[in-house]
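Trainee: I would like to go through this model term by term, asking at each point what rule stands behind the word.

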Amino acid sequence: MIAAFYLISVVLIVSAVLAVSLRNLIYCTLCASVVFISSAALFFLLKADFIGVVQILIYVGAVATLLLFAVMLTKNLVSRQYYVGQKRKWSYGIFTASAVLWVLIGSIRSQTNLAELVTADHQLSVVSLGKEMLTAFLLPFEVASLLLTAAMIGGIVIALEEKKKSS
Amino acid sequence: MTIPLSHYLAVSAALFSIGLFGALTRRSAIIVLIGIEIMMNAANLNLIAFWRYSDGTRATGQLFTFFGITIAAAEVAVGLAIVISVYRLFQSTNVNEISDMKK
């Protein structure tokens, strides 16, 4: 259990670093799907089985496929210029990211009462999850479905090729 | 012996910073989107970890993550449609070359 957590975490961090730093965009997308699968594995470790399955279905099944299609449609397999601007901008990115990491780790370390929290021995079934979703969370559920419809229509309209007005 | 909550939070913080670095520095708009997705994944991991270490009789933590994943899927669909549309106009997905609203 403990060994599995550290193994998955190492895979997660290494593949995330590769996903944002490799030169070939196809490899970046494949590393991103490794990130999504290993965070689904962490969800399974945290006993959130339904969310893990949803993560694999949506992220690996839909988002990674969509990213691969976008990379292939734009014929931009190897980006000619790697980073934004010069080397100096690159070091700005490193600086900002490590500053954010420093603040986050510092705030986690300052919360000493986190160590007192233990995992309760509970199992949330999918049945109770569905009941909760359709009673207390009915409004967010409907808003999410409306959002998905709007996103689908918007995606089609934006990516649709405009008709030539010549004929 | 179980894993303390702070280890999950540390992994999630590292994942967030890596995603932020990718979104800030890479030139390809697709990698910027991948960085944003990694950051949303880190937030979801945080929510699930806090749900697991709470008393957890209610499903609130899991359902927030569920809606977060839904919003991430909608965001990436529209984002990639914009990338493809911009590529058709500029023949490029490099964010540095796309500085005009119209061509």
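Mentor: Let us begin with the helices, which, like strands, are DSSP runs numbered from the N terminus, a helix being H or I over at least four residues and a strand being E over at least two. By that rule A:Leu101 is found in helix H4 of chain A, residues 87-110. Please keep in mind that this is a predicted model, in which local features need pLDDT of at least 70 and side-chain atom pairs count only at pLDDT 80 or more, while totals for chains, interfaces and linings use all residues. Residues are numbered from 1 along each chain as its sequence is written, chains are lettered from A and ligands numbered from 1 in the order in which they are written, and side-chain values use heavy atoms, with hydrogens and water left out.

Trainee: What pattern does chain A follow along the sequence?

Mentor: Chain A has six helices and zero strands, and its pattern, read along the sequence, is α-α-α-α-α-α.

Trainee: Why is A:Leu101 called partly exposed?

Mentor: Buried means under 20% relative accessible area and exposed means over 50%, with partly exposed in between, using a 1.4 Å probe and protein chains only. A:Leu101 has a relative accessible area of 27%, so the residue is partly exposed.

Trainee: Which residues does A:Leu101 touch?

Mentor: Contact means heavy atoms within 4.5 Å. Not counting residues up to four places away in sequence, A:Leu101 touches B:Ala13, B:Ala14 and B:Ser17. The C-alpha atoms of A:Leu101 and A:Ser33, which are 68 residues apart along the chain, are separated by 23 Å.

Trainee: What makes A:Tyr59 count as buried?

Mentor: A:Tyr59, which is found in helix H3 of chain A, residues 49-73, has 0% relative accessibility and therefore counts as buried. With residues up to four places away in sequence not counted, A:Tyr59 touches A:Phe36, A:Val54 and A:Ala64 in chain A, and B:Glu37, B:Met40, B:Asn41, B:Asn44, B:Ile69 and B:Ala72 in chain B.

Trainee: How do you know that B:Gln62 is buried?

Mentor: The relative accessible area of B:Gln62 is 2%, so the residue is buried. B:Gln62 has its place in helix H3 of chain B and, leaving aside neighbours within four places in sequence, is in contact with several residues, including A:Phe50, A:Leu124, B:Ile48 and B:Trp51.

Trainee: And why is B:Thr70 called buried?

Mentor: B:Thr70 is at 8% relative accessibility, and therefore counts as buried.

Trainee: How many salt bridges does the rule find across the interface of chain B and chain A?

Mentor: A salt bridge asks for a side-chain nitrogen of Lys or Arg within 4 Å of a carboxyl oxygen of Asp or Glu, and across this interface the rule finds zero.

Trainee: What makes the pair of A:Phe5 and A:Tyr6 edge-to-face?

Mentor: Rings of Phe, Tyr and Trp (its six-membered ring) pair if their centres lie within 6.5 Å, and planes under 30 degrees apart count as stacked, over 60 as edge-to-face and the rest as tilted. Seven aromatic pairs are counted by this rule over all chains. The ring centres of A:Phe5 and A:Tyr6 are 5.0 Å apart and their planes are at 70°, so the pair is edge-to-face. A:Phe5 has a relative accessible area of 1% and is therefore buried, whereas A:Tyr6, at 38%, is partly exposed.

Trainee: Why is the pair of B:Phe66 and B:Phe67 called edge-to-face?

Mentor: Their ring centres are 5.7 Å apart and their planes are at 65°, so B:Phe66 and B:Phe67 form an edge-to-face pair; both residues are buried.
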